Amino acid sequence: MRTRIRMYAAAATVVAAATAGLPFPASAAPAQTAGDFNADGYADLAVGVPDGTVGGKARAGYVNIVFGGPKGIGAHGSIRISQATPEVPGTPETGDRFGASVALVDTSGDGVAELLVGAPGEDVTGRGTDAGSVSAVGGAKGGPGPGSVVLNGPSASAAFGLAVASADLTGDGSRDIVIGGKDKVVLRTADGIYTTVLTAPMGGRAPILAGGDFTEDGTADLAIGYWTDSPFTQSHVRLWAWDATEQAMVNTWNTDNAGVSALAAGDFDGDGHDDLALGECREIADENIDDPCGPEEFAKGGGIHVHYGTATPGSFGYRQQTLNQDTVGVMGVAESGDRFGAALAVADIDNDGRDDLIAGAPGEAIGTRAGAGAATLLFGGPTGLVDAWGEGHSVGYQQDTPRVPGVAEAADAFGAAVVTGDYDHDGRADVAVGSPGENAGSGGVWLLPRASVNGSSAFTPAKLGLPSPTSALVYGRYLSSQ
């Protein structure tokens, strides 16, 4: 698997100081195995279950860490982490929604991943109802290590923890933490500086976060997607980079009137420069705008719009490509409601030196079964995700694909979340696909070793021995593995 600047992120759909957080060293060495929470050398998977009941408290929420091993994830056990876990700060309360965002990342530089977890419904004393909170829980052999609060929301309904992400944005060699709430994105640097990145109407939704080196300075930049229809309709994807002089993030690039459901960075053409994929990109504006997501015909069923990086300073994004399920070589047929690109993940699956893109389409109909869902692997090439003839190259997956466990059923929403990780430590990327509508909304996760149907498997809350609630868990909606 290739090593590139990446941001580790997940989301649901003057800042007050936090309590003490995890220590950040001056220089953090990269983890030997990304996403290894239990220090056994295998990548693990974090599944946020914010609708889970804990201690009789509905929607208090928890995180299920599913351990990797020689057989990948799902065959080597798991643990639950909640605010009832002794190492975790706080107390489970109704509606906390602990687990609404999750990220597994080695913030401490010891080779073991920490769990960053958001609880946007957390009530914070002195700040109000649903102020929200983000906590960090240390990884360790045999179970979780000490945990601490990274940041509490500043006021009622701030809902901090709707999104959380981590990357070295300041270029000091240590990982910083990005926190999203309603209408705000905040950065906590590794040395404890808190700064507001963005305050803007976001329609009460989680901001979409991703990162890559778009400014070509060797340091990760932050991509933020958001949209709203109040006080007027607007949508944006914007890039932010650290300004050492100002000690703050500065806006470096925008594409406006483009609403997205997912963002992902990768070098899809193998030229050594990060590109940015906009998933389920569609025009959201009060007036007709000239194709902010590429040609309008590609928006049907969900389009993926890619802005390509370049070595020339200030020219990021000038070269663009757009594709959907009507693109030659892309699996499926574009139909309204497919939501192609609603979830995105990146890895060099075929080890050709170019990143590939996995796109979820949770609204895909399989036959007459509406919303059964699908996922598509889009291969990168010399010109990116689309070749010189305007064609894509892809492989499709769904529960009716031969050798994939299960049966495609209406509302399974297979592909609502997609992530990658080397769960069996064989040096090749595997793909995990969430299907939160499985089993009447109880949910499940599918493992595709090396993105192949051969040896594929699935696990559900029942299979992992998790509590069986009377309400739906939507297990598999919130995933992170690195």
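**Salt bridges and an enclosed strand**

Asp-269 and Arg-319 join their side chains in a salt bridge, with 2.7 Å from N to O; the term stands for a side-chain nitrogen of Lys or Arg within 4 Å of a carboxyl oxygen of Asp or Glu. Asp-269 sits in the loop between β18 (262-266) and β19, and Arg-319 in the loop between β20 and β21 (320-323), so the pair ties together parts that are 50 residues apart in sequence. Strands here are DSSP runs (E, at least two residues), numbered from the N terminus. The model is a predicted one, in which local features need pLDDT of at least 70 and side-chain atom pairs count only at pLDDT 80 or more, while totals for chains, interfaces and linings use all residues. Residues are numbered from 1 along each chain as its sequence is written, and side-chain values use heavy atoms, with hydrogens and water left out.

How accessible are the two partners? Asp-269 is buried, with a relative accessible area of 9%, whereas Arg-319, at 36%, counts as partly exposed. Buried means under 20% relative accessible area, exposed over 50%, and partly exposed in between (1.4 Å probe, protein chains only).

The whole structure holds eight salt bridges. One of them brings together the side chains of Arg-97 and Asp-51 (3.5 Å, N to O). This pair links distant parts of the chain, with Arg-97 in the loop between β4 (78-81) and β5 (101-105) and Asp-51 in the loop between β2 (45-49) and β3 (62-66), 46 residues apart. Both Arg-97 and Asp-51 are buried, and a network of salt bridges links Asp-51, Arg-59 and Arg-97. Arg-450 forms a salt bridge with Asp-426, where the closest N and O atoms are 2.9 Å apart. Arg-450 is partly exposed at 39% relative accessible area, and Asp-426 is partly exposed at 30%.

Turning to the strands, β10 (residues 176-181) is largely enclosed by the rest of the structure, because six of its six residues are buried. In a regular strand the side chains alternate between the two faces of the sheet. Both faces of β10 are covered: Asp-176, Val-178 and Gly-180 are buried on one side, and Ile-177, Ile-179 and Gly-181 on the other. Strand β9 (residues 163-167) pairs with β10 in the antiparallel sense over five bridges, pairing being defined by at least two DSSP bridges between two strands. Within β9 and β10, Val-164 stands opposite Ile-179. Five bridges also join β10 to the antiparallel strand β11 (residues 184-188), where Val-185 is the bridge partner of Gly-180. β10 and β11 form a hairpin with two residues between them, and Asp-183 in the turn has a positive phi of about 70°.

Methods. Helix = DSSP H or I, 4+ residues; strand = E, 2+ residues; numbered from the N terminus.
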